[in-house]
Amino acid sequence: MKNIIKMSLFMPPISPIKDKTTGRTLKSATMTPLRTVELGEVYKLITSNEKLAALTLEVRNASLQGDIETYRRLKQQTLPYVTPCGVFTRRRSDCLAESSGLVVVDIDHLDSSKEAEILRQELFDDPYLSPALAFISPSGLGVKAFIPYPSGQSTSEGFRWAMNYVHCMYDADHQQPGKGVDTSGKDPVRSCFLCHDPGARLRE
């Protein structure tokens with residue numbers, strides 16, 4: 001029987017939207033998922049959803065122009081996101097309903113979009129990692145990979161294993177602060193922004 005990989009899809013914003021002048025919350029962060037999606041649906045959203053393509057263009061333009069504040073605001077307030085580790089009833093680590101067997105690894109702050117495209121393929125072709133999905137990040141200068149971890153490991157162990165491997169094999173030469181594998185979060189509820197990438201790689 002085919003194993004169907006599922007996760008939760010959330011609508012933005014990922015953090016509260018506040019009035020700059022008063023600090024009053026205008027819109028609360030989304031904590032309840034819109035619905036459960038299969039990995040194939042995530043791939044279809046990334047590769048062919050026109051609305052997501054338009055949102056990604058706006059976010060990416062801010063990034064490529066060096067307007068980091070606008071880039072972060074647009075990313076957090078406009079892009080949908082998923083929880084690659086599985087299905088959650090609420091965006092909290094103690095609300096995991098079904099594990100996907102995947103963890104997400106980010107490599108950020110690459111030098112060019114071309115470097116990101118090459119790395120996306122290298123990660124996808126790695127026989128040890130065998131990512132279920134790999135795509136270019138919202139900035140256009142990074143790669144996100146959904147990686148299955150060995151059976152018998154916990155999600156946190158899976159994160160540690162995948163991050164350490166990718167760091168050793170693909171970004172050990174990156175010495176600049178912030179460049180390379182993003183190790184900021186190993187929580188099962190770690191979210192991943194979705195963005196348009198017609199060249200995304202899906203393992204059938």
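In the predicted model, S130 is partly exposed, with a relative accessible area of 26%, a value that falls in the partly exposed class because buried residues lie under 20% and exposed residues over 50%. This serine is placed in the loop between α4 and β9, the latter spanning residues 133-136, and its backbone has a positive phi near 45° although S130 is a residue other than glycine.

A positive phi is also found at H109, where the angle is about 60° and the residue is likewise not a glycine. H109 is located in the loop that runs between β8 (102-108) and α4 (113-125). A further backbone feature concerns the peptide bond joining P12 and P13, which is cis, with omega at about 5°; of these two prolines, P13 is situated in the loop between β1 (6-10) and β2 (17-18).

V166, which belongs to helix α5 (residues 155-170), has a relative accessible area of 0% and is therefore classed as buried, since the cut-off for that class is under 20%. When residues up to four places away in sequence are not counted, V166 touches V105, I107, L123, L129, I147, D171 and V181. One of these contacts, V181, is 15 residues from V166 in sequence, while the C-alpha to C-alpha separation of the pair is 7.3 Å. Among the other contacts of V166 are V105 and I107, whose positions fall within β8 (102-108), and L123, whose position falls within α4 (113-125).

Note on methods:
Residues numbered from 1 in each chain as written. Predicted model: local features only at pLDDT ≥ 70, side-chain atom pairs only at ≥ 80, totals over all residues. Heavy atoms only, no water. Helix = DSSP H or I, 4+ residues; strand = E, 2+ residues; numbered from the N terminus. Buried < 20%, exposed > 50% of the residue type's maximum accessible area, 1.4 Å probe, protein only. Contact = heavy atoms within 4.5 Å.
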